[in-house]
Amino acid sequence: MEGNAVILTADFGGTTIKLGLVRDGRIVARTRLDVVPSRPMCDQLEEVASLWEKLLESEGATLRGCTGAALGLPFFADRNAPRVRGEFGKFPGAADIDYGAWGHQRLGLPVVLENDLRLAVLGEWAAGAARGRSEVVMLGFGTGIGCAVVSDGRLFRGSHNRAATLFGHTTVSFEAPVSRCGNIGCAEDLASTATLETRARARADFATSALARAEKINFESLFALAGKGDACAQALLDESLSVWAIVTQNAVLAYDPEMVVLGGGVLRSRDVILPFIREHLSRHMPGLPIELPIVVAELGDDAALLGGEVFFRQSHPSS
Ligand SMILES: [Zn+2]
């Protein structure tokens with residue numbers, strides 16, 4: 001393998017860390033490891049580094065032949081340095097690490113770091129559902145609601161490097177109770193896996209619903225039972241669909257994209273979700289009519305790995 005242009009990429013998710021060797025928009029080798037939630041970030045990083053080395057070895061390459069590394073993390077990234085801002089109850093110690101110094105010492109390579117969904121939108125923009133576009137909004141529906149934006153072919157970052165990242169916390173109901181984050185009526189508190197079971201159990205019709213006997217209360221069981229005519233599941237699903245549609249419309253109003261890309265496991269039910277959102281926008285979007293494709297992400301777990309290469313090369317244009 002010609003090794004001198006490889007970028008090492010890693011995408012730190014809630015349950016697994018995906019790893020890849022990426023070159024010219026192609027993942028030439030990949031692996032993954034399970035996340036142990038209590039394991040300190042410095043130990044996770046060491047495991048990532050040694051797995052990259054094993055991947056390189058399998059390709060007949062070494063760290064010395066690589067150009068750099070890109071990390072996608074479920075946090076805010078500092079705009080000017082590869083560091084994480086804030087503690088989010090995951091990957092303990094993540095905010096204490098200087099990832100640039102770590103990369104220099106452990107890998108002998110420069111490291112870039114960004115929010116995981118931001119790397120995913122770059123991947124979809126470069127090689128997936130949004131290739132050829134320059135203004136793209138990506139929304140991720142699932143455990144929470146994530147948002148990331150490409151504008152003029154680059155990440156839209158904002159003055160604190162948080163632009164779009166907290167879009168799931170936009171208020172969609174000012175009469176709702178205070179959300180987990182302190183805001184009122186957050187979208188992601190009204191339509192995400194994290195709160196779905198609590199919301200289901202709070203309903204008067206929960207006891208008579210098949211949801212009460214479901215092994216797990218998640219969007220998969222919700223879609224399945226709503227499809228069978230379960231009124232409680234249908235009501236919860238209707239609420240979630242409305243929230244996803246409102247969030248999509250709000251993001252379109254804020255960022256004026258050429259295309260909206262939707263990601264997340266719930267899009268397995270795209271046949272329900274896409275028509276609902278399109279219909280909502282066609283009825284309620286203020287302003288002049290626009291042609292706006294709303295599509296499903298194409299790259300799955302590969303998006304952030306491929307986006308890591310894009311982000312590294314945009315950050316180090318001379319390398
Ligand atoms: Zn919130």
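Predicted model: local features only at pLDDT ≥ 70, side-chain atom pairs only at ≥ 80, totals over all residues.
Which residues are the donors? The zinc ion is coordinated by H169 through ND1, and by C181 and C186 through SG, at 1.9 to 2.2 Å. Take H169 and C186 as a pair: they link distant parts of the chain, 17 residues apart. Both H169 and C186 sit in the loop between β10, residues 154-155, and α4, residues 187-190.

C186 has a relative accessible area of 0%, so it is buried.

While we are on cysteines, a word on disulfides. In general, a disulfide is a covalent bond between the sulfur atoms of two cysteines. How many turn up in a search of the whole structure? The search finds zero. One more cysteine to mention is C66, which is buried with a relative accessible area of 8%.

Next, the start of the chain. Strand β1, residues 6-12, pairs with β2 in the antiparallel sense, over six bridges. The two form a hairpin, with three residues between them.

R23 stands opposite R26 in β3. β2 and β3 also form a hairpin, this one with two residues between them. In that turn, D24 has a positive phi of about 50°.

Why is β2 described as largely enclosed by the rest of the structure? Because eight of its eight residues, 16-23, are buried. In general, the side chains of a regular strand alternate between the two faces of the sheet. In β2, T16, K18, G20 and V22 point one way, while I17, L19, L21 and R23 point the other way. The residues of both groups are all buried.

Two other residues have a positive phi although neither is a glycine. F91 has a phi of about 45°, and its place is the loop between β6, residues 84-85, and α2, residues 99-107. D256 also has a phi of about 45°, and it lies in the loop between α7, residues 231-255, and β11, residues 259-263. Which of these is buried and which is exposed? F91 is at 3% relative accessibility, so it counts as buried. D256 is at 55%, so it counts as exposed.

Now the sheet that includes β11. Five strands form an open sheet in the order β10-β9-β8-β11-β12, with mixed pairing. The edge strands are β10 and β12, the latter being residues 294-296, and each pairs on one side only. β11 and β12 run parallel and are joined by three bridges. If you want a landmark, L262 stands opposite V296 in β12. Across β8 (135-141), β9 (145-151) and β11 lies the helix α7, running at about 155° to β8.

In soluble globular proteins, nonpolar side chains tend to be buried together. Here the largest nonpolar core has 44 residues, and the ones with the most contacts inside it are F141, L211, W244, L262 and I277. Several elements each supply at least two residues of this core, among them β8, β9, α5 (193-201), α6 (219-227) and α8 (270-284). Which element gives the most? α7 does, with twelve residues.

As an example, consider what L211 touches, leaving aside its neighbours within four places in sequence. Its contacts include A200, F206, I217, L222, L225 and L236. S221 and D230 are also among its contacts, as are C232 and A233.

There is also a second, separate core of 38 residues, which includes L21, A95, I97 and L109.

Definitions and conventions:
Residues numbered from 1 in each chain as written. Heavy atoms only, no water. Donors = N, O, S within 2.8 Å, 3.2 Å for Na, K, Ca; no water. Helix = DSSP H or I, 4+ residues; strand = E, 2+ residues; numbered from the N terminus. Buried < 20%, exposed > 50% of the residue type's maximum accessible area, 1.4 Å probe, protein only. Disulfide = S-S within 2.5 Å. Pairing = 2+ DSSP bridges. Contact = heavy atoms within 4.5 Å. Axes fitted to C-alpha atoms, helices over the stretch in contact; angles between N-to-C directions. Core = buried A, V, L, I, M, F, W, Y, C linked by side-chain atoms within 4.5 Å.
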